[in-house]
Structure formats: C-alpha cells, structure tokens
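Please look at the sequence and the 3D structure shown here. The report that follows describes how parts of the chain are arranged.

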Amino acid sequence: MHASVPVPEPDAGDGEPTGPRPFVLTAGRVDGDPAIGLETQVTARPGSTSWAVTARLSPELAAIVAICAEPVSVAEISARTRMHFGVTRVLVGDLRAAGHLDVHVADGDDALDPDIILRVIDGLRAIS
C-alpha cells in the first residue's frame, strides 16, 4: 500500500500562490521535450511510486509520480496538479530522464487523427 501524496494547491483563495513559482520548479527552463504533448500518455515505472523513492522528490514531482500510477495524459497531470502545461511538460521530462516515468509518445500520424483531436478537445472542456 502506498501513501497518498498531496497535490499542491495553486492559491489560498486570495490570488496569491502558495507553492513555489513555476520558474523555480523548472529552474528557469521553459522548453520541455517537444515530443511530450497534451495527449502524451505517461506511466510511473515499476517501483517509482514507493515511499522510499517519492520521499526523495519535491512534493510537486512526487505528486506527478503518484498520479502516473495509472496511465494518464500530460494534460490530465497538468489539471490534477493545477500547474501550467509548460511547467508540467518540463517536470515530466525531468522525471523521465531520472528514470521515474515512461512516456508513451504516439505516432505522428495519430496526432492528426480527427477522433483523437476531438477526444482531446472534449477532455480539455471537461477539465476547464
């Protein structure tokens, strides 16, 4: 059984962010892996969701790994953590490079499939 990792809250209701600023989370980087898009599916690697592993990560990174216990899109990770998509993309790339996540990049032709585009639009409407 894995301990639940709290998802960072973006503000305390008064408009002021409660967590670190986005540029702090990404060390000032704004360009994530261009292969990681909104619809890209992400999963945690076996053993990455254990407490021993997530305890060494920042709360934001641990939350992303916990969310990825089941396959999830980068757009959904962004929505659940309430982080900007660009920040999420950079952090997912970092976690991939560190060996915590597997990123399943779809074939380029699939990205232009109208059914996939409509599902992404529907998903974005559902989270907004």
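In this predicted model, helices α4 and α5 cross in a right-handed sense. The contact involves Val-74, Ile-77, Ser-78 and Thr-81 on the α4 side, and Phe-85, Thr-88 and Val-92 on the α5 side. By type, the residues of this contact of α4 with α5 are 4 nonpolar, 3 polar and no charged.

Two packed helices are described by the angle between their axes and the distance between the axes. For α4, which covers residues 74-81, and α5, which covers residues 85-97, the angle is about 115° and the axes lie 9 Å apart. Angles of 65 to 115 degrees count as roughly perpendicular, and α4 is therefore roughly perpendicular to α5.

**The chain as a whole**

The chain contains 7 helices and 3 strands. Along the sequence, these elements follow the pattern α-β-α-α-β-α-α-β-α-α. The chain has 128 residues, and 33% of them count as buried. Among contacts between residues at least 6 apart in sequence, 73% join residues at least 24 apart.

**The sheet**

Strands of a sheet pair through backbone hydrogen bonds, either parallel or antiparallel.

The two pairings are listed below.

Ala-44 is a residue of strand β1. Is Ala-44 buried or exposed? Its relative accessibility is 16%; buried means under 20%, so Ala-44 counts as buried. Leaving aside neighbours within four places in sequence, Ala-44 touches Thr-49, Val-65, Cys-68, Ala-69, His-100 and Leu-101. Ala-44 and Ala-66 are 22 residues apart in sequence, and their C-alpha atoms are 7.7 Å apart in space.

Ser-73 belongs to strand β2. With a relative accessible area of 17%, Ser-73 is buried. Which residues does Ser-73 contact, leaving aside its neighbours within four places in sequence? They are Leu-38, Glu-39, Thr-40 and Gln-41.

**An enclosed helix**

Helix α3 covers residues 59-67. Of its 9 residues, 7 are buried, so helix α3 is largely enclosed by the rest of the structure. The buried residues of α3 are Glu-60, Leu-61, Ala-62, Ala-63, Ile-64, Val-65 and Ile-67.

Notes
Residues are numbered from 1 along each chain as its sequence is written. This is a predicted model: local features need pLDDT of at least 70, side-chain atom pairs count only at pLDDT 80 or more; totals for chains, interfaces and linings use all residues. Side-chain values use heavy atoms; hydrogens and water are left out. Axes are lines fitted to C-alpha atoms, for helices over the stretch in contact, and angles run from 0 to 180 degrees between N-to-C directions. Helices (H or I, at least four residues) and strands (E, at least two) are DSSP runs, numbered from the N terminus. Angles under 35 degrees count as roughly parallel, over 145 as roughly antiparallel, 65 to 115 as roughly perpendicular and the rest as oblique. A crossing is left-handed if the near helix is turned anticlockwise from the far one by less than a right angle, and right-handed if clockwise. Contact means heavy atoms within 4.5 Å. Ala, Val, Leu, Ile, Met, Phe, Trp, Tyr, Cys and Pro count as nonpolar, Asp, Glu, Lys and Arg as charged, and the others, Gly among them, as polar. Buried means under 20% relative accessible area, exposed over 50%, partly exposed in between (1.4 Å probe, protein chains only).
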